[in-house]
Structure formats: C-alpha cells, structure tokens
Amino acid sequence: MTSSDRGRELASRARDGDRRALARLLTEVEDRSLAGEAALRILYPEAGRAHLVGVTGAPGAGKSTLVAALVGEARKADRPAAVVAIDPSSPITGGAILGDRVRMQAYAGDRDVFIRSMASRGHAGGLATATVAAAAVLDAVGFPLVFIETVGTGQSEVEVAAIADTTVVVQAPEMGDEVQAIKAGLLEVADIVVVNKGDRPGAQRAAAQLRAMLTVGAQHDRAAAAAGRPTPKRPDVLLATAATGDGVPELLAALDRREASRRGADGGPGRDPTRLARARAQVDGILGERLLARLALTARAAPMATLYAAVAAHEIDPYTAADRALEGLLARGSGPDARP
C-alpha cells in the first residue's frame, strides 16, 4: 500500500467514526508524512465548520481544568468536542508530556470526546506547527467544537490568536497577571478573558481591574477611531471556578455568542480576517518547510553547510547566505531538468 493509499484509507475510516484511525491519522499529520498530506488533501474541503477556540494563559492559571470543564458542559448538551493540547516536549523522546490526558480521564470512554496531546517540539512559540492541520482533521470528521490549548509560555499566548476563531486568555488572581496581560499584549488578542479560581481572595478585584483597564482603553479607542487609526478589540471579562464548574456555563454561552456573531458577519469564510490569517500561516509554514527540504536535497543549490560555516565565521551575513541559497534553488528550478 502506497503512502497516498494509506492516507486515503485513514481519512475514510476516520470520517466513518473509527477513533483508532483518527489517532493514527493525527500522528501522520503531526509527523508531516506523505500519508498525512494525502489525507489532508481529501479532508480539508470538508473542514471550516467547527468553532476553533484557543485557550492560553500563564502556567498555573488552570487552563487544562477549564478546558475539561468546558468539554463537560458541552457534553451535557450532547455536543461533541475535541481538544488539541500543545504540551511541552520531552527532552529525551521529543514527544508530548501528556498532562491533559491525565486530567481528562473522565472522558476516556466517551466517543464524542477526542483529546490529542501534541508536542511543541521546540517551536519558538510553543505551538506545534501541525496544530492547524490537526484541528482541520478534527473539524472534517465531525467535531463542531475544537479547543486548542497552548503551553502558555511566551509568544504562544499571542500566536494562538492567529489560528483560533475565538481566543480565551485565562488569568488567575493574585499572580500579577493583570499587569502581565498588558505587557504581553494579551488584552489585544483576547476575545474573552477568564479570571479563573474565582473562589479565591482577590478574584473579584482582579476582574474589576481588568475591566477598568478596558474601560480606559475604550476611551482611547474612540479617540483613535475619530482620528482614523485602527483600534484593538476589547474582550469580555468573566469570572469562573473551573474546579467546581461555577461560571463555566456562562463562558460556553459567551463562546457560542461570539461564534454566532462571527458567522453572521457579512463577507463569508473567505473574507473572515481570522481565517485568512490562519490560511496564510498554514501556507507560509508549508512553503517554508518545503523550501528548506528542497535546499537540503538539491545538489546544485548553494552548499548549505558551507554557507552556515561562512555565517558562523562572520565572513558573510545571514541575509546574503539566504539569498545565495535561494538563488541556487531557483536556478535549478528553471533548468532543463527541473522537477515539475
């Protein structure tokens, strides 16, 4: 069986509800194999219907517990849900540290819940580069609600906004997160800010401070709009206690309202700014990977090892090295023996 045949078979079985085939297919997608690519070619036109919810925030804010609570709330309404959890990579195997599967064991026997842990594999922002592809697969096989939970360190808190329809930033009281939210620009990328652990002292104060910041920001927005300058979005601020379920129904309802508003906006999916940004990230990521692969395999391209050594010795700058490598690749691509 060829890789393409294997990909088509896995896609067909996953679409028919075979959860083992779905798990294997996601592995192929994460490994960027030919089988995974063949399956995506089949499934991608069927995606675009799910609500992709990015959940991010500082470690310790309770993201995983909140996602588990949201899944439980969705299941009360008989709504299928999937989770893609971007976990830190093991320094030994490179695989994901499966913290979320441990936390969500309650759903192990529920066929309408699917949880996938993916390793960040050293990606600068903590987001696995195959995350969007995995979400598309889950979308295509029939999960209308897909949560994407990030590691929650550094740039991943901002990057998730580029791949999700709705971005939820989770904060915890008395952690200094209100100030960090401003410093990291989280209030600009968030659609909803959740102050989790709402039963702790300081939770009400943290929510009030965030709302006050947004009120001041709204005044600046009006001035910017009057001057014709772009204005950032202003998120809702909600209180929740994921461990007890308090505030979780209200959060799920807020997510549903956001999605209904987005789908009701004029322009269609091809003009949705969020989905356009996601498409650009996908295409650019694949293009970059394929260019590097071609450079590595093309004998007539500038020898990469030589270029790396020249940059390391400060004999040439990295921009010149990249230009030379690209020129070598393009020269081969235009030659008589260029690949189609």
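Reply: A residue is called buried under 20% relative accessible area, exposed over 50%, and partly exposed in between, with a 1.4 Å probe and protein chains only. Strands (E, at least two residues) and helices (H or I, at least four) are DSSP runs, numbered from the N terminus. The model is predicted, so local features need pLDDT of at least 70 and side-chain atom pairs count only at pLDDT 80 or more, while totals for chains, interfaces and linings use all residues. Residues are numbered from 1 along each chain as its sequence is written, and side-chain values use heavy atoms, leaving out hydrogens and water.

The part in view is strand 5, residues 166-171, which is mostly covered: 6 of its 6 residues are buried. In a regular strand the side chains alternate between the two faces of the sheet. Here both faces are covered. Thr166, Val168 and Val170 are buried on one side, and Thr167, Val169 and Gln171 are buried on the other.

As for pairing, two strands pair if DSSP finds at least two bridges between them. Strand 1, residues 51-57, runs parallel to strand 5 and is joined to it by 5 bridges. Within this pairing, Gly57 has Val170 as its bridge partner in strand 5. Strand 6, residues 192-195, also pairs with strand 5 in the parallel sense, over 4 bridges. There, Val194 of strand 6 stands opposite Val170. Val170 is therefore a buried residue under the cut-off of 20%, with a bridge partner in Gly57 and Val194 opposite.
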